[in-house]
Amino acid sequence: MDETEIQSEQNAKLKRLRAIRAGKERDFVLLEGARVVADAIQAGIKLSWVLYDVDMEAEEQSCVSNEALKLAQEKEIKCLPCTPKLLALGGDLKTASRILGCAERPQMAAGDLLQQAKAAN
């Protein structure tokens with residue numbers, strides 16, 4: 001798809017995901033799973049890149065993970081194939097996600113936050 005498969009635990013993207021997950025990079029968030037990645041893209045959240053299970057390339061195109069990957073590619077987000085074992089190291093869930101994203105943490109002013117809260121009630 002976009003680039004060479006990530007095959008090392010020492011890969012810079014995997015190291016960065018682990019740092020984000022550990023809270024060391026406060027300006028970014030880890031997105032885990034196809035629905036979360038797709039929802040973030042559709043909500044206009046800026047994704048820096050996506051890592052996806054390399055096995056998805058050979059699968060039927062209608063699965064949720066492939067739809068999220070396709071959406072990321074349509075938005076010209078950098079998409080990098082990764083082995084399932086390494087994806088599991090980047091994520092935080094018990095069951096490894098097939099797609100992980102690195103997104104800029106949305107910044108919201110206090111007034112906007114209050115307006116959103118009032119609108120939700």
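Reader: What covers the buried residues of helix H3?

Author: The cover includes helix H2 (34–42) together with strands E2 (47–53), E3 (78–82) and E4 (99–104); helices (H or I, at least four residues) and strands (E, at least two) are DSSP runs, numbered from the N terminus. This is a predicted model, in which local features need pLDDT of at least 70 and side-chain atom pairs count only at pLDDT 80 or more, whereas totals for chains, interfaces and linings use all residues. Residues are numbered from 1 along each chain as its sequence is written, and side-chain values use heavy atoms, with hydrogens and water left out.

Reader: Which residues in helix H3 are buried?

Author: In H3, residues 64–74, they are Ser65, Asn66, Ala68, Leu69, Leu71 and Ala72, where buried means under 20% relative accessible area, exposed over 50% and partly exposed in between (1.4 Å probe, protein chains only). After H3 comes Glu76, with a positive phi near 60°.

Reader: Why is Ala34 called buried?

Author: The relative accessible area of Ala34 is 10%, so Ala34 falls under the 20% limit and is buried. Ala34 belongs to helix H2 and, its neighbours within four places in sequence left aside, is in contact (heavy atoms within 4.5 Å) with Val64, Ser65, Ala68 and Ile99. Ala34 and Ser97 are 63 residues apart in sequence, yet their C-alpha atoms are 7.7 Å apart in space.

Reader: What makes Asp27 exposed?

Author: Asp27 has a relative accessible area of 52%, which is over the 50% limit, and therefore counts as exposed. Asp27 lies in the loop between helix H1 (12–21) and strand E1 (28–32); leaving aside neighbours within four places, Asp27 is in contact with Ala103, Glu104 and Arg105.

Reader: How do you know that E1 is largely enclosed by the rest of the structure?

Author: Five of the five residues of E1 are buried, so the strand is largely enclosed. Phe28, Leu30 and Glu32 point one way and Val29 and Leu31 the other, and all are buried. In a regular strand, side chains alternate between the two faces of the sheet.

Reader: How many bridges join E1 to E4?

Author: Five bridges join these antiparallel strands, and since pairing requires that DSSP find at least two bridges, they count as a pair. Within this pairing, Leu30 stands opposite Cys102 in E4.

Reader: Which residues of the largest nonpolar core touch the most other members?

Author: Of its 19 residues, these are Leu31, Val37, Ile41, Leu47, Val50 and Ile99; such a core is a set of buried Ala, Val, Leu, Ile, Met, Phe, Trp, Tyr and Cys residues joined through side-chain atoms within 4.5 Å. E1, H2, E2, H3 and E4 each give two or more residues to this core, and H2 gives the largest share, five residues. Apart from this core lies another, of 14 residues, among them Leu14, Ile20, Leu87 and Cys102.

Reader: Why do Cys82 and Cys102 count as buried?

Author: Cys82 has 0% relative accessibility and therefore counts as buried, and Cys102, with a relative accessible area of 0%, is buried too. The count of disulfides comes to zero, a disulfide being a pair of cysteine sulfur atoms within 2.5 Å.

Reader: Where does the charged end of Arg16 sit?

Author: The charged end of Arg16 sits over the ring of Phe28, 4.3 Å from its centre, and this is within the limit for such a placement (NZ of Lys or CZ of Arg within 6 Å of the ring centre and within 35 degrees of the ring normal).
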